[in-house]
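Student: Please walk me through some features of this structure. I would like to learn how to read each one.

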Amino acid sequence: MTAPQADAVACRLRDARRVAVLGGAGLSAGSGIPTFRGGGDSLWSRFDPMRLATPEAWQADPALVWAWYRWRMALVAAAVPNAGHRAIAALAAHVALRVVTQNVDDLHERAGSRDVVHVHGRLGALRCADCSELHAAALAPLVPADVPERLPPERCTRCGGAVRPGVVWFGEALADEAWDAAVAAMACDVLLVVGTSGQVQPAASLARIAASRGAWVVEINPERGGLSGDADLHWPVPADEALPAVVDALGGA
Ligand code: BV8
Ligand code: ZN
């Protein structure tokens, strides 16, 4: 028997011409990637974002920042997509779907989703902090336990500058191309807001943009958060439970 919420979402999806997902760290929690906020092993309960995820932190201590991101790259490399990622990839067989994520991992892509918009960049999209040259990730593989607490950044092959992770830090502008694609995706009939606390702007404003354009918004998150007020339905279950149930209700992958 499917949950009534799964049937309600499937019913909306059947009538939708365009569908979007706005995802956050909760989607990858089921793959063992820690979320940012909240208790347990969340990142910001263990680390100070101002010392690790700002341009000022990079200026002050690039070895510390680089080591922290190498540790996170190793966590992601060791993780596999969960049933939530796989269900989103499967949904694309049923509806015209755009995936917008705040996550910097590649688990959607590895689950089979195409054209994922990463509004906060990607861990693997390395670039030179000085000349912006892109650097394909030809880094030595690491396991999380082996990443030292400090690690000099790789050097740019063009100018010798330090190579930085391709993520958007606090105080940095989002890439125009990603932001424009995200806003365009919000012109949808149904928006699935999955696993985000809605604390970080401007990404959090995307749900309001979709709602103001007439989208029906469902929030899939065990907790209520900053975007609950924009949702027509709050479904308080983990993503890797809810999303496969929606695909089942639609008639399988
Ligand atoms: C900018 C780096 C301007 C990448 C990240 C005061 C008020 C308003 C705004 C501001 C303010 N002061 C400063 C700002 C702006 C600031 C901001 O929003 N700050 C907030 C926090 C106060 N924003 C910025 O600085 C942005 N840039 O504004 O630029 C500008 C313009 C022109 C020129 C120059 C500058 C840039 C923001 C980028 C931030 N980057 N990190 C990295 O290292 O990864 S933030 C970090 O938060 C991640 O990137 C992440 O993507 C993002 C959002 O977090 P969530 O994904 O929502 O994750 P969270 O842990 O919070 O929540 C997880 C949720 O999952 C929870 O709700 C939980 O219940 C749920 N969950 C758990 N398990 C499950 C689940 N759900 C479903 N299933 C489960 N199993
Ligand atoms: Zn360079």
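Tutor: First, the ground rules. This is a predicted model, in which local features need pLDDT of at least 70, side-chain atom pairs count only at pLDDT 80 or more, and totals for chains, interfaces and linings use all residues. Residues are numbered from 1 along each chain as its sequence is written, chains are lettered from A and ligands numbered from 1 in the order in which they are written, and side-chain values use heavy atoms, without hydrogens or water.

Student: How do I read helix packing, and at what angle do H1 and H11 pack?

Tutor: Start with the elements. Helices (H or I, at least four residues) and strands (E, at least two) are DSSP runs, numbered from the N terminus. Axes are lines fitted to C-alpha atoms, for helices over the stretch in contact, and angles between N-to-C directions run from 0 to 180 degrees. Here H1 (residues 4–15) packs on H11 (residues 239–250) at about 60 degrees, and the axes are 8 Å apart. That makes H1 oblique to H11. The classes are: under 35 degrees roughly parallel, over 145 roughly antiparallel, 65 to 115 roughly perpendicular, the rest oblique.

Student: Which residues of H1 and H11 make the contact?

Tutor: Contact means heavy atoms within 4.5 Å. H1 supplies Ala6, Asp7, Val9, Ala10, Leu13 and Arg14, while H11 supplies Ala245, Val246, Ala249 and Leu250. By class, the contact of H1 with H11 has 8 nonpolar, no polar and 2 charged residues. For the classes, Ala, Val, Leu, Ile, Met, Phe, Trp, Tyr, Cys and Pro are nonpolar, Asp, Glu, Lys and Arg are charged, and the others, Gly among them, are polar.

Student: What is the handedness of the crossing of H1 and H11?

Tutor: Look at the near helix against the far one. Turned anticlockwise by less than a right angle, the crossing is left-handed; clockwise, it is right-handed. H1 and H11 cross in the right-handed sense.

Student: How does H7 sit against H11?

Tutor: H7 (residues 83–91) packs on H11 at about 30 degrees, with the axes 7 Å apart. The two helices, H7 and H11, are therefore roughly parallel. Their crossing is left-handed. H7 contributes Ala83, Gly84, Ala87, Ile88, Ala90 and Leu91; H11 contributes Ala239, Asp240, Leu243, Pro244, Val246, Val247 and Leu250. That contact of H7 with H11 holds 11 nonpolar, 1 polar and 1 charged residues.

Student: Where is Val237, and is it buried or exposed?

Tutor: Val237 is in the loop between strand S9 (233–235) and H11. Buried means under 20% relative accessible area, exposed over 50%, partly exposed in between, with a 1.4 Å probe and protein chains only. At 16%, Val237 is buried. Leaving out residues up to four places away in sequence, Val237 touches Ile220, Asn221, Pro222 and Ala242. Val237 and Asn221 are 16 residues apart in sequence, yet 5.7 Å apart in space, C-alpha to C-alpha.

Student: What surrounds Asn103?

Tutor: Asn103 is in the loop between strand S2 (96–101) and helix H8 (107–111). Asn103 is buried at 5% relative accessible area. Beyond four places in sequence, Asn103 touches Gly24, Ala25, Leu27, Ser28, His118 and Gly121. A polar atom of the Asn103 side chain lies 3.0 Å from the backbone nitrogen of Ala25.

Student: And with what does the side chain of Gln102 make a polar contact?

Tutor: A polar contact is a pair of N or O atoms within 3.5 Å; within protein, one must be able to donate a hydrogen and the other to accept it, and residues adjacent in sequence count only if both atoms are side-chain atoms. The Gln102 side chain makes one with the side chain of Thr196, at 3.0 Å. Gln102 is also in the loop between S2 and H8, and counts as buried at 13%.
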